[in-house]
Amino acid sequence: MSSHDLSSSPAPARSSCRSCWLAAPGLLWMGLFFLAPLALVFAISFASRGTYGGIVWELTSANYLDLWHPLYGKILGQSLWYATLTTAICFVLGFPLAYVIARSPARWQPVLLLLVMLPFWTNFLVRTYAWMILLRQDGLANSLLIALGVVDAPLELLYTPTAVVIGLVYGYLPFMVLPLYVAVERLDPLLVEAAWDLYASRWAVFTRVVIPLTMPGIVGGSVLVFIPSLGSFITPDLLGGARSMMIGNLIQHEYLVVRDWPLGSAVSFVLMAIVMAAVALYYRHAARTTGPLEGR
Amino acid sequence: MRRGSTGLSLVSSLAMVFLYGPIFVLVLYSFNAAHLSMAWRGTTLKWYAALWHDEALLAATENSLLIAVISTIGATLLGGLMALGMERMPLRRQQIIEGGLVLPLVIPEVMMGVALMLLFVMLKMPLGLTTVMLGHIVFNIPLVTIMIRTRLRKLDPALREAAADLGANSWQVFRHVTLPLLRPAIWGAVLVAFTVSLDDFLVTFFTAGPGATTLPLKVYSMIKSGVTPEINALSALLLVMSMASVALALHLQRREV
Amino acid sequence: MATSSTPPFTVSGLSLSSTPPTIDIRGIVRRHGAVTAVDRVSFQVRRGEFFSILGPSGAGKTSVLRMLAGFEDPDEGDLLIDGRSMFGVPPNRRPVNLVFQSYALFPHLTVLENVAFGLKMRRVSPTLIEEQVRQALTMVKLLGKEGRMPNQLSGGEQQRVALARALVNKPAVVLLDEPLAALDQQLRQAMQVELKSIQEQAGLTCVCVTHHQEEAMMMSDRIAVMHQGRMWQVGSPREVYERPCSLFVSRFLGVSNELPGTIGPWVGEDRVFRPTDADQMPLTVRTVSTEPAGRSATLSLRPEQIHMAQERPSTSDPVLAGRIEKVLFAGSDTKYLVRVGRDRFWETRMVSGTSLPSFAAGDPVFLYWSRADARLFFE
């Protein structure tokens, strides 16, 4: 205590915190341009649509009931399916990558991590567009498949659910790798060797030791991939067809094309509820697993 | 796990090819002379030249830069002050604000876009450059606050106590110790905010009026009307720009003492 | 144990000089939530004195230092520097400077800028700053390294910069927080000597917080022993070491060889002490204690006060029989672990290289000491 408390506690707590007021403008801004609009969306989701697209302030739950229509249900269902599939594929691709990076020489680790993160920092639109070039009828993917003799005629790749999932995996893979890397890096290699020494097969080592101990990273990465995948707009808009619409496209469609703002707002809130549930799940898991092994 | 390491390396190499292949192909084809087919017809810079003569594109670039500059300045000021102000708050209040700051980063961007659009429509504000800037400041404030806060927390509190002990008043402590030590983090935050603003599509899409076309909006409408080599060239330029700013941001972070 | 509710408190060395004390601390109390970190502590420090607050971690000594520096204010009591109350005076207006344990050198400033920081804050003229910084750097032998950044310096050099940065301001008091704790053993010993000579040369008044007994004893004019928020004893190093006022102080400042027993009647100037262990003969102790006979007490001796012999010595001084359990050769001297009771061991020392008879493990020995050396502690 005597050694470090001299430098760990902040200056004496004065009764009023004058410097705290510095946060006020930013908080005000976020309240006005973030919380207020969200509240507005929430309010509108209980209003009715006017004849020409406006809003009629009549309290109703009709918008939420409308969501039970099979058409919306299908879009919601396939959004969840695409996001789940994306998360799973990201895990399968990302885990080996994270493992290799975490076990590579210390001075290479930042470089490799940077290589994984770099595409994320480039324009999302452009990255999605790159797949349009690759996947279109006369694109590189089809040329390659024909040259290899896998298929005779070009496949319909673009504007399919496959293209959407590829685009989502491509967009959010870095989100999976980063938390997994952190988790694997913290995993003591001696534990793996100890399990091996105790007659565990490689599969058993993976499922009984590596997976449980990297669980925080797995949960974190999955949430980080699942959330933006579920709410994505650009990827299904550019790579998907009319049949592979996702919630994001539905919201945009209701707002800008159909101009049914109340319904669009209701869809937005359903999306937000799912996202918040995923975040809550993550925090609960994080709180539970901050045990002696992970605690820092 | 030595025996498994070849398998692991193989999958990771594939993942790397997967990450960089499409970008590489995109850049490569921006130099292809062929107009419509994917067949290689020799190298050319004409698509880049064509961009230079596209008036609408130049106007969009100007809009993008203006929005990025203003929103970066606004967010850095508001977010930086917020980080400083939060420091002395009771812990519970700090946690609440921090949780609130994560919200804009996790909620779907589409939703942020429509929510802002609704607000502006309700407030009868004409959609245009101003509304886009207001919106960009919203998603940049959390980024700036979190980055500067992270650095603030890593600062040894003894440094500021030492300055006070040596006779510095609270302004002098800030001016001579806190600010210089935060500088790399501030520049890092500026670059991140600038890049994110420059690349943003969705919030801009919903809050921009007809006159306020930005670069990503322009790229989107070009893509929607058909794949052309000009888009390849423009995309390649945007890629280079983002990568350069990330490289600069990382360089600044590394200089942090 | 000796950690009873009210520690026996003794202060010595408070001379009645005409000048007021540089530091006058009057019954300060500091609470952190439910914990009382500092409990009614009072002491004074004279000009030019090197005063150490010694105690185990958690004793509250750092809180005292933080209150002197102005980072905390006492909940009760008052704290005067040069006769002026410091209550509510912020750190930047106090005539004290702190050498931080971590040094807290500004990483973005050069050695020169670090040392000049305090003068610059007080808007001293640049020419004067240069002269005084040069003086300070000369004193800590760092001339020629003005342009270096802190991370280009060794630990010992960083320590000197921290010291120069404090003393360049000519503060009324220099506060030192575990000043040598971050240095390795050899450098630490060299710096102890150097720090002391700088302090004497510059006539600095120092208050030093440390948990290292040897360091405190070597550098200090006076030591205050702190434990559980209270001050147990204040005195010169010799006084607190040789005449500790409690078992805690005795144990904390060195090896305390103890024997429990009861105090008996007077025999001339001495009193009889009956060890609880039935095997041992009653001993005589010279004491000024007026405790009634029959009261339980603990006898304590320093290793270097004890002599060893193979035969029972013919002396009127107390003798204790034992058996050598372990012989530990430690270079300059040899330590003997002697069993003096069923589960009771004493440590004795002999300087190596003398022609004294050598003892081996298992040998029966007789321990004896001057009756005036033994200390008695009552519970």
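**Reading charges, folds and interfaces**

Reply: Start with one pair: Lys196(C) forms a salt bridge with Glu200(C), and their closest N and O atoms are 3.8 Å apart. The rule asks for a side-chain nitrogen of Lys or Arg within 4 Å of a carboxyl oxygen of Asp or Glu. This is a predicted model: local features need pLDDT of at least 70, side-chain atom pairs count only at pLDDT 80 or more, and totals for chains, interfaces and linings use all residues. Residues are numbered from 1 along each chain as its sequence is written, chains are lettered from A and ligands numbered from 1 in the order in which they are written, and side-chain values use heavy atoms, leaving out hydrogens and water.

Me: Where do Lys196(C) and Glu200(C) lie in chain C?

Reply: Both sit in helix α5 (residues 185-202) of chain C, 4 residues apart, about one turn of the helix. Helices (H or I, at least four residues) and strands (E, at least two) are DSSP runs, numbered from the N terminus.

Me: Is Lys196(C) buried or exposed?

Reply: Buried means under 20% relative accessible area, exposed over 50%, and partly exposed in between (1.4 Å probe, protein chains only). Lys196(C) has 14% relative accessibility, so it counts as buried. Glu200(C) has a relative accessible area of 52%, so it is exposed.

Me: Which parts of chain C does the pair of Arg371(C) and Asp270(C) tie together?

Reply: The general idea comes first. Side chains of opposite charge can pair when their charged atoms come close. Here Arg371(C) forms a salt bridge with Asp270(C), the closest N and O atoms being 2.3 Å apart. Arg371(C) lies in the loop between β20 (364-368) and β21 (375-378) of chain C, and Asp270(C) in strand β13 (residues 270-275) of chain C, so the pair ties together parts 101 residues apart in sequence. Arg371(C) counts as buried because its relative accessibility is 15%. Asp270(C), at 5%, counts as buried too.

Me: Which residues are joined into one network by salt bridges that share partners?

Reply: Glu161(B), Arg30(C), Arg66(C), Glu72(C) and Asp75(C). Over all chains, the search finds 32 salt bridges.

Me: What about Arg222(C) and Glu49(C)?

Reply: They form a salt bridge, with the closest N and O atoms 2.5 Å apart. This pair links distant parts of the chain, 173 residues apart: Arg222(C) is in strand β10 (residues 222-227) of chain C, and Glu49(C) is in the loop between β3 (35-45) and β4 (50-54) of chain C. Both residues are buried.

Me: How many helices and strands does chain C have?

Reply: 8 helices and 21 strands. Of its 379 residues, 52% are buried. Its C-alpha trace spans about 75 × 45 × 40 Å along the principal axes.

Me: How much area is buried between chain B and chain A?

Reply: The size of an interface is often given as the accessible area lost when the parts come together. The sum runs over both parts, with a 1.4 Å probe. Here the buried area is about 7400 Å², and carbon and sulfur atoms give 82% of it. In terms of contact (heavy atoms within 4.5 Å), 81 residues of chain B meet 82 residues of chain A.

Me: How many salt bridges does the rule find across the interface of chain B and chain A?

Reply: The rule finds 1. Asp237(A) forms a salt bridge with Lys224(B), with the closest N and O atoms 3.3 Å apart.

Methods: Buried area = accessible area lost by both parts, 1.4 Å probe.
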